[in-house]
Amino acid sequence: MISVNDFKNGLTIEVDGQLWRVIEFLHVKPGKGSAFVRSKLKNLRNGAVQEKTFRAGEKVQQAQIDTKSMQYLYNDGDSYVFMDTNTYEQIAIPAVNMQDELKYLKENMEVSVIMFGSETLGIELPNVVELTVTETEPTIKGNTASGGSKPATMETGLVTQVPFFINEGDVLKINTSDGTYISRA
């Protein structure tokens with residue numbers, strides 16, 4: 001058991017028989033009444049995000065989540081196949097468990113597979129991925145690094161805003177938490 005006063009972003013808890021990851025939280029001490037913790041939780045089984053308020057000092061069950069480093073192999077229709085590089089064991093994860101992550105996933109990429117006991121919940125991407133630009137408007141002479149941005153489609157289908165000097169075929173570093181351009185690779 002863990003106190004809600006000890007919440008951290010990324011902590012996994014079990015509430016009402018469901019697994020939740022703490023996305024954000026806020027300790028609130030009103031002038032009148034008792035303190036409470038307002039939190040935003042993401043359901044690890046279906047991806048739903050819910051806001052929940054706990055009384056200060058309330059205890060919740062901490063979930064024991066394991067992560068295993070695996071390599072993405074291929075898409076098998078409605079599921080994605082990953083392989084443990086040590087044991088060569090393969091698992092298939094349904095696409096519904098990884099909605100947002102699919103925009104950054106490339107073949108042979110190393111990811112962390114999230115497991116609860118023998119149940120596979122989804123994947124955790126690295127903070128930064130390198131993707132190749134497949135489609136963008138051509139560069140116009142006179143555009144500078146600080147001159148604004150244009151949309152670019154990456155090899156995985158992700159569309160993000162990039163500076164004017166980026167061309168098709170460039171390899172870019174992309175932030176996986178919000179899909180923004182960081183730099184050229």
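Is Phe-7 buried or exposed? Phe-7 is buried, at 4% relative accessible area (buried: under 20%; exposed: over 50%; partly exposed: in between; 1.4 Å probe, protein chains only).

1. Basis. This is a predicted model: local features need pLDDT of at least 70, side-chain atom pairs count only at pLDDT 80 or more, and totals for chains, interfaces and linings use all residues. Residues are numbered from 1 along each chain as its sequence is written, and side-chain values use heavy atoms, leaving out hydrogens and water.

2. Main core. The largest nonpolar core has 26 residues (a core is a set of buried Ala, Val, Leu, Ile, Met, Phe, Trp, Tyr and Cys residues joined through side-chain atoms within 4.5 Å). Phe-82, Leu-105, Ile-123 and Ile-174 have the most contacts inside it. Apart from this core lies another, of 12 residues, including Trp-20 and Phe-54.

3. Leu-105. Setting aside residues up to four places away in sequence, Leu-105 touches Tyr-72, Tyr-80, Phe-82, Val-111, Ile-123, Leu-125 and Thr-156 (contact: heavy atoms within 4.5 Å).

4. Aromatic pairs. The structure holds 4 (rings of Phe, Tyr and Trp, its six-membered ring, with centres within 6.5 Å; planes under 30 degrees apart are stacked, over 60 edge-to-face, the rest tilted). Phe-7 and Phe-25 are edge-to-face, because their centres lie 6.5 Å apart and their planes stand at 85°. Phe-25 is partly exposed, at 29% relative accessibility.

5. Second partner. Phe-7 and Phe-54 are also edge-to-face, at 5.6 Å centre to centre and 85° between the planes. Phe-54 is buried, at 2% relative accessible area. Ring pairs link Phe-7, Phe-25 and Phe-54 into a cluster.
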